[in-house]
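Look over the sequence and the fold below.

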Amino acid sequence: EWDRWLLMGLIGTAIGMLGFLIHQIIDSLIKLKWDLVEKYLQVSKRKTRSMGANLVIYFSTGQDGNIHMTWLCALGSGLGMVVLSSGSVLFFCPAGSPSGLPEIIGYLNGTSIQHLFNIKTFLGTFVSCVLAVASGLFRGSEGPMIHLGALLGCGLSQLQSDTLGIHLPIFTRFRNSADKHSFITAGAGAGIALVFRAPIGGLLFMLEEVSSFWDIRLAWQTFFCCLMATFTTDLLSSSLYGFVYRGHFGFFEAEKRIIFWVKNLLDMNVLAFVLTILLGMLGGLLGALFVSLNIKINKLRMQFFNSIPKLSLRKTSKLLETVLILVISCVPLVANLGSGRNFLALDVGCILSFPCSSEQGSAAALLVENGKQGITYLFKRGTHEEFGYTSLCTALAFYFILSCWTAGSAVASGLVIPMLYTGALYGRIIGLILVSIFGVQTNEYGAWIDPGLFAAIGAASFFSGVSRLTISLTVIMVS
């Protein structure tokens with residue numbers, strides 16, 4: 001069995017390198033976009049009071065910089081990415097649209113799907129995923145990473161390609177249906193494991209959600225594959241960010257390795273469990289609403305597109321839908337709410353115009369370009385009054401509707417980040433209500449009344465309500 005373990009390790013390493021490459025390209029594209037935007041904005045800048053070093057607020061009187069050109073530049077770069085992202089799955093590889101996870105689940109449970117594991121699907125999914133996340137759509141890279149991991153598991157285990165005419169004379173004993181399924185299972189698990197830096201979570205996700213055929217040997221080998229993928233990504237990410245060498249190769253910083261870093265831990269009170277039950281019920285109700293609404297949207301989408309007789313026009317209409325979603329995502333939520341100087345919040349999904357106040361500054365931070373960073377802001381401890389009711393409720397309605405509409409559109413992207421973000425928003429609202437009632441507690445017995453804590457619980461509840469995951473989700477959230 002040594003060759004099977006060796007191949008599992010090679011697949012995990014390859015998936016880790018692929019995940020690293022995807023995230024580096026996304027970070028580079030986001031930086032390139034805002035560097036381009038900054039050229040039209042000649043203003044002073046300072047970091048926010050407690051949002052973190054990654055969010056920069058640019059203040060302007062409206063005279064120093066060309067605000068309209070800045071907004072158009074940000075929107076135009078996002079539109080260009082969305083058009084290429086949607087076009088790659090519509091015209092280049094239809095098997096890569098939109099997520100890939102349902103197709104992998106179907107294949108591992110006995111359904112034959114054409115073109116699911118070929119070179120074109122791999123390239124199209126890769127390009128579409130990178131551009132969709134970098135464009136500013138309310139999406140993540142989780143679903144496509146599972147698909148890409150499964151593709152690498154299939155390709156590296158079989159070492160043959162009819163498209164390229166490659167048939168290598170090694171590992172030939174694995175060229176059968178049973179072993180092929182095992183390596184695809186391990187590859188898909190490694191894909192989700194490296195996204196959340198949780199090898200055990202990747203194994204449990206496959207066991208709970210994806211595959212129906214398991215044995216103890218496959219479980220250990222899948223875990224080894226997930227471990228190698230996570231280790232490879234962490235090792236490469238330890239010294240590189242946006243393909244820029246930062247030093248300290250092989251030094252694993254906890255704050256960078258843990259996906260949603262929370263520095264301060266809190267002692268719990270039994271009353272918190274009562275609120276946790278209520279948040280779980282709310283997550284189930286909102287999750288059911290999300291799924292029901294998404295099913296209706298997709299039925300209407302299918303009816304509309306199927307009514308278009310010409311195939312090329314139908315695909316073009318699907319592409320235009322993704323463009324419309326991005327344009328709506330980039331419409332300023334609030335403009336000129338009062339007198340005084342305005343600011344522009346860069347490193348967010350769109351250019352937002354707000355008056356210079358902490359409440360609207362918080363609203364801008366909630367729409368941060370990187371969804372993971374935005375979730376980290378919501379999870380942060382000790383920021384009891386950082387986000388107000390207006391910004392939280394506005395962002396919740398905006399994110400819930402747009403993420404529900406985006407799910408099923410013609411781009412390769414995942415839904416995990418929007419689910420966590422939506423749950424974190426209403427969880428923080430519950431925490432803010434408690435702060436409004438009891439005030440900011442400084443003693444150790446009341447320190448659990450922290451909106452950041454309830455944001456984390458809310459994120460898990462909505463994720464579970466939509467996906468119906470329990471064990472693997474718990475491991476992913478605490479990893």
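Is phenylalanine 117 buried, partly exposed or exposed? The model is a predicted one. In it, phenylalanine 117 has a relative accessible area of 22%, so it counts as partly exposed. The cut-off for buried is under 20%.

Phenylalanine 117 has a ring partner, tyrosine 107. The two ring centres are 4.9 Å apart, and the planes stand at 70°, so this is an edge-to-face pair. Tyrosine 107 belongs to helix 3, whereas phenylalanine 117 sits in the loop between helix 3 and helix 4 (119-135). The pair therefore ties together parts that are ten residues apart in sequence. Tyrosine 107 counts as buried, because its relative accessibility is 13%.

Now take helix 3 as a whole. It covers residues 101-108. Six of its eight residues are buried, so the rest of the structure largely encloses helix 3. The buried residues are Leu101, Glu103, Ile104, Gly106, Tyr107 and Leu108. They pack against helix 5 (142-158), helix 6 and helix 7. After helix 3 comes glycine 110, with a positive phi near 105°.

How do helix 3 and helix 6 cross? Two packed helices are described by the angle between their axes and the distance between the axes. Here the axes come within 11 Å and cross at roughly 150°. Helix 3 is therefore roughly antiparallel to helix 6, as angles over 145 degrees count that way. The crossing of helix 3 and helix 6 is left-handed.

Which residues make this contact? From helix 3 come Ile104, Tyr107 and Leu108. From helix 6 come Lys180, His181, Ile184, Thr185 and Ala188. By class, the contact of helix 3 with helix 6 holds five nonpolar, two polar and one charged residues. An α-helix has 3.6 residues a turn, so residues three or four places apart point the same way.

Next, the aromatic rings. How many aromatic pairs does a search of the whole structure find? It finds ten.

Last, the backbone. Most residues other than glycine have a negative phi. Arginine 197 has a positive phi of about 55°, though it is not a glycine. Arginine 197 is found in the loop between helix 6 (177-196) and helix 7 (199-210). Arginine 468 also has a positive phi, of about 65°, and is not a glycine. Arginine 468 lies in the loop between helix 16 (451-467) and helix 17 (471-478).

Which of these arginines is buried, and which is exposed? Arginine 197 is buried, because its relative accessible area is 13%. Arginine 468 is exposed, because its relative accessible area is 67%.

Definitions and conventions. Residues numbered from 1 in each chain as written. Predicted model: local features only at pLDDT ≥ 70, side-chain atom pairs only at ≥ 80, totals over all residues. Heavy atoms only, no water. Helix = DSSP H or I, 4+ residues; strand = E, 2+ residues; numbered from the N terminus. Buried < 20%, exposed > 50% of the residue type's maximum accessible area, 1.4 Å probe, protein only. Axes fitted to C-alpha atoms, helices over the stretch in contact; angles between N-to-C directions. Parallel < 35°, antiparallel > 145°, perpendicular 65-115°, else oblique. Left-handed = near helix turned anticlockwise from the far one by under 90°. Contact = heavy atoms within 4.5 Å. Nonpolar A, V, L, I, M, F, W, Y, C, P; charged D, E, K, R; others polar. Phe/Tyr/Trp six-rings, centres within 6.5 Å; stacked < 30°, edge-to-face > 60°.
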